[in-house]
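The sequence and structure come first, and the description follows.

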Amino acid sequence: PELQVLISGASDGKIDVSDMKANSKYTGGFSLLDRNIVRFWSVVASLTPKQQADLLRFVTSCERPPPLGFSSMNPPFTIQRVGIMRDGDKLPSASTCFNTLKLPTYSSEKVLKERLIYAIESKSGFELT
């Protein structure tokens, strides 16, 4: 723990969601104005600090935000579109080496929140894709 504080800085458990959002990248057809991205950021803002840290760990393998802010994250936090036909088709997954969240296009914010929380709390989002 002491070494991690020296390397990553102290964490009060809070993630600056606006900094994270401002420095995120979108791929696969997503853009900042896409309804799924708007829903995603609404969900992230509504999460508890513990859930936000779990989300960051799920995507980056580290629960702490970068000490110098998300603008210093390399590669940047990225959200990749995953098209689905039905809400039950896929859970969110991640490519931690690339700081990429693979986010299915769920039908509502409620479903997105339920599936995202399930995925981050199960800690099983890594897949070889």
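## The sheet

Four strands form an open sheet in the order β1-β2-β4-β3, and their pairing is mixed. Strands pair if DSSP finds at least two bridges between them. Because β1 (25-27) and β3 (93-95) stand at the edges with a single partner strand each, one side of each has no neighbour in the sheet. On average, neighbouring strands of this sheet are turned by 25 degrees against each other, direction ignored. Axes here are lines fitted to C-alpha atoms, for helices over the stretch in contact, with angles from 0 to 180 degrees between N-to-C directions.

β1 and strand β2 (residues 78-82) run parallel and are joined by three bridges. Thr27 stands opposite Gln80 in β2.

## Basis of the model

The model is predicted: local features need pLDDT of at least 70 and side-chain atom pairs count only at pLDDT 80 or more, while totals for chains, interfaces and linings use all residues. Residues are numbered from 1 along each chain as its sequence is written, and side-chain values use heavy atoms, with hydrogens and water left out.

## Overall composition

The secondary structure comes to five helices and four strands, following the pattern α-α-β-α-α-β-β-β-α along the sequence. Helices (H or I, at least four residues) and strands (E, at least two) are DSSP runs, numbered from the N terminus.

Of the 129 residues in the protein, 43% are buried; buried means under 20% relative accessible area, exposed over 50% and partly exposed in between, with a 1.4 Å probe and protein chains only. Among contacts (heavy atoms within 4.5 Å) with a separation of 6 or more, 63% are between residues 24 or more positions apart.

## Helix α4

Helix α4 (residues 49-60) has 12 residues and reaches 16 Å from its first C-alpha to its last, close to the 16 Å expected at 1.5 Å a residue. The expected span is 1.5 Å times one less than the number of residues. α4 packs on the sheet, where it touches β3 and β4 (100-104), and its direction makes about 55 degrees with that of β3.

Nine of the 12 residues of α4 are buried, among them Leu55, Leu56, Phe58 and Val59. Their cover includes α2 (17-22), α3 (35-46), β3, β4 and α5 (109-122). Just after the helix, Ser61 takes a positive phi of about 75 degrees.

## Aromatic pairs

The structure holds two aromatic pairs. Rings of Phe, Tyr and Trp (its six-membered ring) pair if their centres lie within 6.5 Å; planes under 30 degrees apart count as stacked, over 60 as edge-to-face and the rest as tilted. The Phe40 and Trp41 rings are edge-to-face because their planes stand at 75 degrees, with centres 4.9 Å apart. Phe40 has a relative accessible area of 0%, and Trp41 has 4%.

Trp41 also pairs with Phe77 in a tilted arrangement, 6.4 Å centre to centre and 50 degrees between the planes. Since Trp41 lies in helix α3 and Phe77 in the loop between α4 and β2, this pair ties together parts that are 36 residues apart in sequence.

## The nonpolar core

A nonpolar core is a set of buried Ala, Val, Leu, Ile, Met, Phe, Trp, Tyr and Cys residues joined through side-chain atoms within 4.5 Å. The largest one has 30 residues, of which Phe40, Trp41, Phe77 and Ile79 touch the most other members. α2, α3, α4, β4 and α5 each supply at least two residues of this core, and the largest share, six residues, comes from α5.

Not counting residues up to four places away in sequence, the contacts of Ile79 include Tyr26, Phe30, Ile37, Phe40, Trp41, Leu101 and Leu103.
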